[in-house]
Amino acid sequence: MTAYLIRNVRVLDGEPTDLLVRDGVVAEVGAGLTADDATVVDATGLVALPGLVDLHTHLREPGREDAETVESGSRAAALGGYTAVCAMANTSPVADTAGVVEQVWRLGREAGLVDVQPIGAVTVGLAGERLAELGAMADSAARVRIFSDDGHCVADPRLMRRALEYVKAFDGVIAQHAEEPRLTEGAQMHEGEVSTRLGLTGWPAVAEEAIIARDVLLAEHVGSRLHVCHVSTAGSVEVLRQAKARGVRVTAEVTPHHLLLTDEKAESYDPVFKVNPPLRTAADVAALRAALAEGVIDIVATDHAPHAVEDKECEWAYARPGMLGLETALSIALDVFGPQWDLIAERMSRAPARIAGLDGHGLDPAPGVPANLTLVDPAARRVIEPAELASRSRNTPYARMTLPGRIVATFLRGEPTVLDGKAVK
Amino acid sequence: MIRHLLSGADLDADTATLVLDTAAEMATVAGREVKKLPALRGRTVVNLFYEDSTRTRISFEAAAKRLSADVINFSAKGSSVAKGESLKDTALTLQAMGADAVVIRHPASGAPHRLADWVDGSVVNAGDGTHEHPTQALLDAYTMRSRLGRLAGLHVAIVGDVLHSRVARSNVLLLSTLGAKVTLVGPPTLIPVDIASALAPGIDVSYDLDAVAPGVDVVMMLRVQRERMSDSYFPSAREYARRYGLDGPRLRRLPEHAIVMHPGPMNRGMEITPEVADSPRSTIVEQVANGVSVRMAVLYLLLGGNNR
């Protein structure tokens, strides 16, 4: 194993120091370190963060390898500063058996760019009718702990209750895509002024808030863990705030795009801005930012959702919902919160690693800790060019925007996956 | 002049008035023995229709032909569209064929906006999903002006399924621009959220047709599809007709000069009774005739017929 001596790096808000990475762990931290056998990385002006952890990634493999593969998505993740991603279950076939989750897990290991932790489906085929073999997925080599029908809501309250109860046996968590299906039939964008003007069927905020309210009560009733995917409304924040104050074991995520973009983006009718849940209003964006800063929302998760060109270069109503996110998430966080490194580390690395139970991730660089870390140049600014992204897809909503921050290097267990801003493999 | 006509909001008061004045000139052509002007000779207008709409397609076709344009009708049925060709590929094909203007009717809101990104010619929105139908609003405004002599200060009630109506959206925008007062009337389930702030802050909303009727100059009845019942927008066709339909007794409570409009096709017995539809107060047939003149004016102005 190679050793790396990272010189003059600031660990979060600390003073510049050196990090010696050897045998997969951070061996030493301190000024003026030397190691003859180590490759020196000059990190003057850079900030070291614990490697980012994404709780919500769509890697599209198996099934839509034209849009993304485990390997291409892993590369996009590494370039975005991630060392672990949780792969959503809505593949084809659905990740609802031990076989499929093990396949995804193995593909992740083979790619070797980030740790790919599969998420298992809650229900067979995401159909919302009967439980998938959650225990088999938990016991498989993939060691699944997060279960989600993401893309679909587990709408049946009895089924949701059972799922929450059942996964207690292996300390699992149900990650709910909160969308009351009857209230969102045919929905195309946030229900409000803009949807009225554009003549697009509305996706009302209450369809999200009603499910979250129900689910926190169910989780409280059965004493289980609930995770709420991609929270998008100010009303949801209030429901979560009250639940947390009562001690309900609920965690929640917000996506970078819901922290930055609003429903007015739909005015172009360009489906690159079509996403589920939809972009909301400026008031929702403000509430989500405040909730994340405060901790009512625990983490940023990308909901990285690659789609082939033909699924986006069409009429709004016919386009698939979803946006790329892995390669731009940190830049959006910097844009929104500025260089609040401890907040960013907490919301994008430590807390998601805790929720997912990913040992060895989400740990600040310190002697003896697995060397999963990323080096950020906070002074850099870059223009997002879709064609330059490592993802197989091009559906970034930030095309041609200038964003702050650049990932210079990422290390996975002491080995660089990204150096000089380029993927190592 | 603007390049595309995608929304009623594309027209400011001067431009809209220019279209209406030009339409009035075009209307004189219809009275001639030879109903044809050479204005668009050598220009190509494509009617790209993804929805059945014989009425609108024929109206645009007649308008283009009276201006001597070459007209290509491209219907989604029996064309490559049925084989799954994307809107973009169709756009590129039309572009390669040298279309100077594309008139598009499409079931998806915003499809004309997408098309305008992909072709060099002018795009005219002939109705997109539940979004807009700006030439319908222009012909409605033209009809009101012809019958009542003005638009500024008129009180227009638009009654019915505003939520799903592209006619209503375009009319609210255009009539507000031209100084008319608009009141939207319908059951609360069929009035879209935040409609005033979305479209025009000056409009009113009422759930009570009888309260609005005595003060209006124009009542515009919108088509209400019976299928909306199954989505619980209202309990039954009979209840809808009782509360929001225009029948003889309600007609008689309108001011004497007030006119009744309908964009068609009508659901007789639902939003309008035959007695009202066929009464002299109704402008429904006139609207169809005015449609050709207004669409001639739109094509003429968009294709620069006045500055070539």
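## Two domains of chain B

In this predicted model, the C-alpha centres of domain 1 and domain 2 of chain B lie 25 Å apart, the domain bounds being taken from an automatic or database domain assignment. Domain 1 of chain B covers residues 8-132 + 288-302, while domain 2 of chain B covers 134-286.

The contact between them takes 26 residues from domain 1 of chain B and 20 residues from domain 2 of chain B, where two residues are in contact if their C-beta atoms, placed from the backbone, lie within 7 Å. On the side of domain 1 of chain B that touches domain 2 of chain B, α1 (13-30), β4 (122-128) and α12 (284-302) of chain B each supply at least two residues, and the largest share, 7 residues, comes from α12(B). Helices (H or I, at least four residues) and strands (E, at least two) are DSSP runs, numbered from the N terminus.

## A parallel sheet in chain A

In chain A, 5 strands form an open sheet with parallel pairing, in the order β9-β10-β13-β14-β15; two strands pair if DSSP finds at least two bridges between them. Because β9 (146-147) and β15 (299-300) of chain A stand at the edges, each with a single partner strand, one side of each is left without a neighbour in the sheet.

Strand β13 (residues 226-228) of chain A runs parallel to strand β14 (residues 250-254) of chain A, and 3 bridges join the two. A:His227 stands opposite A:Thr251 in β14(A).

## Conventions

Residues are numbered from 1 along each chain as its sequence is written, and chains are lettered from A and ligands numbered from 1 in the order in which they are written. As this is a predicted model, local features need pLDDT of at least 70 and side-chain atom pairs count only at pLDDT 80 or more, whereas totals for chains, interfaces and linings use all residues.
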